[in-house]
Amino acid sequence: MAERLAAKTEDNLVRTCSIWRALEDIGDTPVLLILESIWMGMHRFGELQERTGLLKALLSDRLKRLIEKGIVEKRTVPDAPKVHRYVLTHKGVGLFDVVLMLYRWEREWGTAKERRNLLLRHEKCGAVLDPITRCGSCGKPFTLEDIDWKPGPGIGWMAPHYSRRRNQQAIQTEQPSLLRGSVEILGDRWSALIMRAVFSGIRRFDAILKDTGAVPNTLSSRLKSLTELGVIRTEPYQHTPTRLEYYLTRKGFDYYYIIMMLMLWGDSYYASPEGAPVLLVHKKCGNKLKPIISCGKCSDHVAPQDVSIVDNR
């Protein structure tokens, strides 16, 4: 698989990928914090600013982008025409599975105490939610080891497009967050694309460089950060010991559940007319994988309206 994905004919192209296209819209930490805040019931501008800690101008800019991309809708409050609420569109609600996997990873690998005070409760059974991934065809739970990958009808190469974003180095807020640690990876497009590349078997610096479309300094910086975060480890390349290969740690491997759900969301809204660039297959039943997320307690499918946030502070 890695060899098929790594080969291309023009150096200015990157492989088609719904993850890449999705990250152009949501691969930004301020955007993800805004979406999390809306999930947590904050709908007015002031509420969002207090929850996210974003500067007013930055919050306004990101809300405008989310509206333009059809992920958030701005609505007027009926009894207060000058007051507006920001709500998720159908496309925005479609990110629910990504949010659940971010939450799952944060509960397993997050370290900040204030994050662990916030829990999701499955209202159908009353239990603290433990999200479980299941195959939509056979209904059985699956892990990433149970998935095979193959090129889809939309496989090919594209010219990379880079939206320019203002870097927000410090976000000042004392508000608790379900996802703040986990979105730091997904909120940086290059980090997420590096994780995608390494998971698919592309492990050397020059190959990751071509696959992500990053420049060398950016790639070096992100590889260092991901290594320090403990999601990537290095090993000497067997043919040239002075060079390194990059592998996912267990912590990094678990993060790929998030990337996978983002890819499937991207397939729904960003795939080429021919179809998805990559297809997932559940090895145990042999069918195309259509993941569903169920409650670890009652095994029912988890829908957005079935989840509430519990603050245990």
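The following legends describe views of a predicted model.

**View 1. The whole chain.** The chain contains 13 helices and 13 strands (DSSP runs, H or I of at least four residues for helices and E of at least two for strands, numbered from the N terminus). Of its 313 residues, 51% are buried (under 20% relative accessible area, with a 1.4 Å probe and protein chains only). Residues are numbered from 1 along each chain as its sequence is written. Local features need pLDDT of at least 70, side-chain atom pairs count only at pLDDT 80 or more, and totals for chains, interfaces and linings use all residues, while side-chain values use heavy atoms, without hydrogens and water.

**View 2. The largest nonpolar core.** This core (buried Ala, Val, Leu, Ile, Met, Phe, Trp, Tyr and Cys residues joined through side-chain atoms within 4.5 Å) holds 80 residues, and Tyr255 and Met260 are among those touching the most other members. Helix H13, residues 250–270, supplies the largest share, 12 residues.

View 3. In H13, 16 of 21 residues are buried. Beyond four places in sequence, Tyr255 touches Leu102, Trp105, Ser182, Ile185, Leu186 and Met195 (contact means heavy atoms within 4.5 Å).

**View 4. Confidence along the chain.** The mean pLDDT (the predictor's confidence in each residue, from 0 to 100) is 84 for the chain. Where pLDDT is low, the predicted coordinates should not be read in detail.

Notes
Buried means under 20% relative accessible area, exposed over 50%, partly exposed in between (1.4 Å probe, protein chains only).
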